[in-house]
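Student: Could you show me how to read the interface and the nonpolar cores of a protein model?

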Amino acid sequence: MAATPMNQLSALVNNMFATGLLDEQFQQLQMLQDASAPDFVSEVVTLFCDDGERIIGELTKLLEKSSVDFDRVDAFVHQLKGSSASVGAQKVKNTCIQFREFCQQKSRDGCLKTLDSVRTEFYDLRSKFQTLLQLERQIQGFYPK
Amino acid sequence: MEGRVEQEEGVMRVLLVDDSPVDRRVVQLLLSSNSCAGSFHVIAVDSAKKAMEFLGLQEGKAIDMVLTDYCMPEMTGYDLLKAIKALNPLKPIPVIVMSSENEPQRISRCLNAGAEDFIVKPLQGKDVQRLRNCSSARPKGSSQCETVSKRKPPPLPHSDHAIVGTASPSGRRAHFTGVAMVLHSSSVELSQYFPLLLKLVLLVYAVMCLGELLHRWSSGGGCSLFLWCA
């Protein structure tokens, strides 16, 4: 099978679904992308990546303090969980759910460990999303709408 | 905020309130997609405070429906819901609440406060019909929410009728899961009001009777008093 952008894109997306990185919500977004909203997916994905980056930054700052405000931490994690759910970022969403439990328990160590997991998963997802968007742009270049 | 609301026929003007930029965009795109055939005009704000400010403006009067997130900092969607219903008690703007948490207590709280519907996030294509069902832009007699406006003034203790009337067909499925909680919580709230109402009614009646008696005594010269004593 030739490694055309189209094939690469399918392989990438399939892999993201298979590894649990994405769930059916992402499929919902893909279905909504059409002639009236040709950039639906890329817009939402870009927003998610920017928003996620911002939230992870805030969480890092909050957890560095000697006295942690767990309510504020929980509020940010809730935000990240919400936007992951909206985009179909299943793995990040599930880690956020665990994160919130550590917030409830007011466990600084638990929060720090989970923040590391979230960060790793988020950056992994983000780089795959960036590849996805690049491939989409290439495809649109071949087949302008 | 995104500019003036156009007064187009058949277009539902939705005020979307959500502090998450991702969720705002998803809902905006969802409602403007081809599948919705241009039937929604969405104005998005990122806080309940901005929503109230907007509703106070001229353009805000033209809003057919408010779609709000529940969890927001400073002023929650629940507080916004109550504030919107209080804006125009005779003809309140329909409000639909969204939340990522599928919590029966939260759902019943919102429905009891007058929300037309409660949708669990993330919003999907199938939820769009629920928005259409609950809007003042729809012609009278054809909306599911007709029963909602009929149920004000205060609903009967048989609050299952009120709740079933509130929900759109697809919403009912979600509501069934919370019906038990709803019945319990709404009957608890109602039972608080009923003794008060009863007391008020009795008080008014007593005052009227007293007034009547006093009138008779002053004009009848006290004869009726002797009748009572005899």
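Tutor: Let's begin with charge pairs: a salt bridge is a side-chain nitrogen of Lys or Arg within 4 Å of a carboxyl oxygen of Asp or Glu. This is a predicted model, in which local features need pLDDT of at least 70 and side-chain atom pairs count only at pLDDT 80 or more, while totals for chains, interfaces and linings use all residues. Residues are numbered from 1 along each chain as its sequence is written, chains are lettered from A in the order in which they are written, and side-chain values use heavy atoms, leaving out hydrogens and water.

Student: How many salt bridges are there between chain A and chain B?

Tutor: The count is three. One of them joins the side chains of A:Glu43 and B:Arg25, at 2.5 Å from N to O.

Student: How is the size of an interface given?

Tutor: Often as the accessible area lost when the parts come together. Here the buried area (1.4 Å probe, summed over both parts) is about 1700 Å², with carbon and sulfur atoms giving 60%. In terms of contact (heavy atoms within 4.5 Å), 22 residues of chain A meet 20 residues of chain B.

Student: And what about the nonpolar cores?

Tutor: In soluble globular proteins, nonpolar side chains tend to be buried together. A nonpolar core is a set of buried Ala, Val, Leu, Ile, Met, Phe, Trp, Tyr and Cys residues joined through side-chain atoms within 4.5 Å, where buried means under 20% relative accessible area (1.4 Å probe, protein chains only). The largest has 65 residues, and A:Phe48, A:Phe99, A:Phe129 and B:Leu67 have the most contacts inside it. A second, separate core of 24 residues includes B:Val45 and B:Phe54.

Notes. Buried area = accessible area lost by both parts, 1.4 Å probe. Buried < 20%, exposed > 50% of the residue type's maximum accessible area, 1.4 Å probe, protein only.
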